[in-house]
Amino acid sequence: MLRACLRGANATARSCGRTPLTNLQHCRHYTSGGTGGGAAKVVAAGLVTVGGGVGGTILYAKWDHKFRAAVENNVPYSDWLLGLALGPSFQATNKQMEMVQPPSMMEKPLKGSKAKSEKSVKEAAESPAKETTPVPSQPAQSIEEASAEATHIISAISEVSSVPAPCDTEATVVKEECKECHDHEDTPAVVQPDTESPAATEALKERPVEEVTARLAQQDLEEQDILASVSASLEDSLASSAKATLQAIGAQEAALQAITLHTLKLKEAMEAEVPPQEKSAQWKDLEAALAERTSAVHDAGTALSNANEALDSLKSVIDKSKGLKVIAVRPLVLAAEENLHNMVVDLDKVVTKVQSSESEAKIVSQYSELVNEAKQQFQREVSSLTPEIQANWKGLTGKLSADDLNSLIAHAHRRIDQLNRELAEQRVREQIHIDASLEQQKLEDQKALEKAVGTALQHVKEEARLEQERKLSELREVMEAEMRTQLRRQAAAHTDHVQDVLKVQEQELKADAEQVLSSKMLDQETCYRQMSQEQLDGFTLDMNTAYARLKGMEEAIDSHVVAEEEARKAHHLWLSVEALNFTLKTADADVPTKPLEDAAQAVRDSCHDNDFALALASALPEESLQRGVYSEDSLRARFNSLRALARRVALIDETHNSLYQYFLSYLQAAMLFEDKQEAPPAQLSSDDLDPFKLLSYASFCLEHGDLELAAKLVNQLRGEARRVVEDWLTEARLTLETRQVVSLLSAYANAVGLGTTQAP
Amino acid sequence: MSEKELGKKLDRCLADGAIKLGTGLGLGIVISVLFFKRHTWPILFGTGTGLGMAYSNCQNDLRSFYMLHRSEKEQ
């Protein structure tokens, strides 16, 4: 069967082998040129791609700066390459420009503000030249300079050109206003530019407070004087004009009464039928009344003229006092004006009344004159007719002749005809006369109306003006009162604030004083305490020293006793530890030592009050106590046999543990030759963790008696080798442990012994 | 002694291998004679089986430390 298989395999191999050979031959024609050409093509294609990529990157970086920055950030050395190709990047140039810009920008606003300030200085210089007050001009110029400086500073700090403060224009306006004011208002005007220009406080100094108050007091005094004088004059003129007006009014009223009386009497005399004797008495009364009337009218006229004079003088005084422009005078002036107005009005009323009554009287007197004339005319006619008949012809009825009676009757008839004719004429002329008189009356009425309207208008105007003045004064009073209240409030707030500040200051000062006092007291107290303490300390020190010496002596004696006890114990311990040490040496080859239990017990007994030694004694491993430990020589011998085994299974671990691996491991152990003993290095590197090397290091250590290092090195073995040497390792550990404990105990016992032994 | 364990295992392996080889051989011969008209291949088969089993057992034994037991795995 094997032969069959072999035959089959050979056949298949031959058949397979031929075709690939031929194929290869065929292929070689294609691939010999092709493979060579293909490689060159690939290489060329790669180079082109790379070159194209780099070139494209550079071009795009030239066009787009952000891309360039991104590339420079992300790809190292690209910034060098791009700088070589394109020159330095944009950001570097930008920063340089920025550095140059700010100083230039700062220069511009300085220049601008300087020009502006120069212009404003020129303007200000012109306007003070117009005015003649030298004092305000200087502060104005200093204001200009100060504002120019301020603008300099502002423009230097921020890169914004600022305009000089408009205080210069304000100052000029204020100056013009000052010019218009009167002399005693100059001081407030000069003070005003001080307060209104904020930038010029260092140029102008405010007038000191005392000067201002003195000036104000002086002003007040002046005003008061003026006020007094004005009020006095006003009162005088008012009084005089009032008297005169009253007089005039009284006189006018008296005249009125006289006129009315006269007219009444006249009417009575005309119309009443009274006996002749009473008639003459009546006519006498009438004449008396007439005389009285004339005198009364004359008096009234004079009184009126006096009153007018007085009123005119009052008006002039009022106007003068108005011209003084003192505020306190105004109410007085107002009152005087009102009084004047009232008096004028009354006077006018009375005058109109008198005029109307006069006109009435005129009518009545005209009528009476006419009647008298007619009577006289009749009398004349009768007397001309009958010259012999005298006045009382009514009683002569029997004495008259028939001729006289006929002539009288004829005369009477003739008179009647004449009177009828006159009546007719009169009737005809009546209409014309009435029209003319109506016209006249109209004209007179119009004139009177105009006059009345004029006077009424004047009165109304005057009243309105007075009303306005009154209201103005009221308003002023109200404003004054309000201002006073606000000022009072401000004063109150100020006083409160001052009070608070004072309180705070008081508190602070109190606190300071108290603090100083307390600190001084504290110092004193501490001094006192210190001194007393020092004294106490000295005394206690002496006592303590004496006591201490006594104690020292007692302790010395006790310690001697204790020391001896200790020494004995230490010696005992040392002996037991030596016994323990000796048991370690009882190991033979391949036979462990005797169990260390007895010796350990002895040690424990000898140190049952010493914790350290107890701890150490109990730290001995159980195995060593029960079974004993192996000696180093036995371990060494055992290791030598172990070594070969470990070498043989060096390759075996968790992953590699098949039988084939075992075979390989064996092969390796057979093939590999390493030093029997090699000195281990101070530090193990990863190379040294090879099991063969470790084993040679361990052998070296063991040969030189360093079991510990050997155990450490063997501990580094891994896998199956480790499993193999596990037991040896535990034994070695045990031995090392026991030896360590014992050495510690002996060292301790030696130390204790040394400590307790006394030199002879 | 851990160092002796490997030796013990190998001893067991060999013993086991010998037994299995022999058994396999024997069985192979028997089956070849009885059922397969004295062809060689059953013999070879039996031997191979025996050897294979011995190999597997030996490997398992040597590996046993590194293998997790099912009960441990469940834990």
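**Exercise 1.** Classify A:Cys527 as buried, partly exposed or exposed.

*Solution.* Start with the cut-offs: buried means under 20% relative accessible area, exposed over 50%, and partly exposed in between (1.4 Å probe, protein chains only). A:Cys527 has a relative accessible area of 45%. A:Cys527 is therefore partly exposed.

The model is predicted: local features need pLDDT of at least 70, side-chain atom pairs count only at pLDDT 80 or more, and totals for chains, interfaces and linings use all residues. Residues are numbered from 1 along each chain as its sequence is written, chains are lettered from A and ligands numbered from 1 in the order in which they are written, and side-chain values use heavy atoms, without hydrogens and water.

**Exercise 2.** Classify A:Cys701 as buried or exposed.

*Solution.* Its relative accessibility is 3%. So A:Cys701 counts as buried.

**Exercise 3.** Find the disulfide and place its two ends.

*Solution.* Search for cysteine sulfur atoms within 2.5 Å of each other. B:Cys13 is joined to B:Cys58, S to S 1.8 Å. The pair links distant parts of the chain, 45 residues apart: B:Cys13 lies in helix 1 (residues 2-35) of chain B, B:Cys58 in helix 2 (residues 41-63) of chain B. Helices are DSSP runs (H or I, at least four residues), numbered from the N terminus. Now the handedness: 105° about the S-S bond makes the link right-handed. Both B:Cys13 and B:Cys58 are buried.

**Exercise 4.** Describe the setting of A:Arg638.

*Solution.* A:Arg638 sits in helix 15 (residues 632-648) of chain A. Its relative accessibility is 12%, so A:Arg638 counts as buried. Contacts (heavy atoms within 4.5 Å) include B:Met1 and A:Trp728.

Terms used: Lists of a residue's contacts leave out its neighbours within four places in sequence.
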